[in-house]
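Work through the exercises below with the sequence and the model in view. Try each task before reading its solution.

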Amino acid sequence: MALQWLILSYVVAVEVVITLVLTLPYPMLLKKRVVQLVSLILQPAASIVAFAGFQLLDIYWKAEHRLSCSSEVCTATERDRYEKSIYKAQRNVVLCAAGILLYWCIYRICKYNKDLERLEATEKRFKEE
C-alpha cells in the first residue's frame, strides 16, 4: 500500500523541480528548448492526474467506511491507531492535490510560453511587412 504513495511523492517532487526549472529566468533560446522538452513530457505525464484522482476516491471511500473509535470502550492503542490513520489520510489528500495542482501549473506555464512565442512570431511577421 505504501508503494503508491512513495511513487506519488516522487512524482510530486519531480513536478516541483520541473516547475522551478520552468520559472527560472533563462536566455530565450534555452527557455524555448526547455519548454519544448517539458511539453513533450506533459502528455504522458497526464496520467498522474488520473492516478491522483483515483487515490482521492480511495481515501474518500476508506474515510466513509472507517470504523470510528469514539466510544469509551476503545483502548488508547485503538484510539492512537485511528488518529494515525486520519493523519495519514490528510497527508495523502494534500499529496494528491499537490500533484494535480503542480501538473496544472506546469501545463499553464508551458502554454503561456508557447503563446508568447507565437505572438512574438506574429509581431515579427507584421514588422517585416
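**Exercise 1.** Compare the radius of gyration of the protein with that of a compact globule of 129 residues.

Solution. The radius of gyration is taken over C-alpha atoms, and the globule rule is 2.2 Å times the number of residues to the power 0.38. Next, take the spans of the C-alpha trace along its principal axes: about 85 × 20 × 20 Å.

This is a predicted model, in which local features need pLDDT of at least 70, side-chain atom pairs count only at pLDDT 80 or more, and totals for chains, interfaces and linings use all residues. Residues are numbered from 1 along each chain as its sequence is written, and side-chain values use heavy atoms, with hydrogens and water left out.

**Exercise 2.** State how many helices and strands the protein has.

Solution. Helices (H or I, at least four residues) and strands (E, at least two) are DSSP runs, numbered from the N terminus. The count is four helices and zero strands, in the order α-α-α-α from the N terminus on.

**Exercise 3.** Describe how helix α1 packs against helix α4.

Solution. Axes are lines fitted to C-alpha atoms, for helices over the stretch in contact, with angles from 0 to 180 degrees between N-to-C directions. The axes of α1 (residues 2–23) and α4 (residues 76–128) come within 9 Å and cross at roughly 30 degrees. Therefore α1 is roughly parallel to α4 (angles under 35 degrees count as roughly parallel).

Conventions: Angles under 35 degrees count as roughly parallel, over 145 as roughly antiparallel, 65 to 115 as roughly perpendicular and the rest as oblique.
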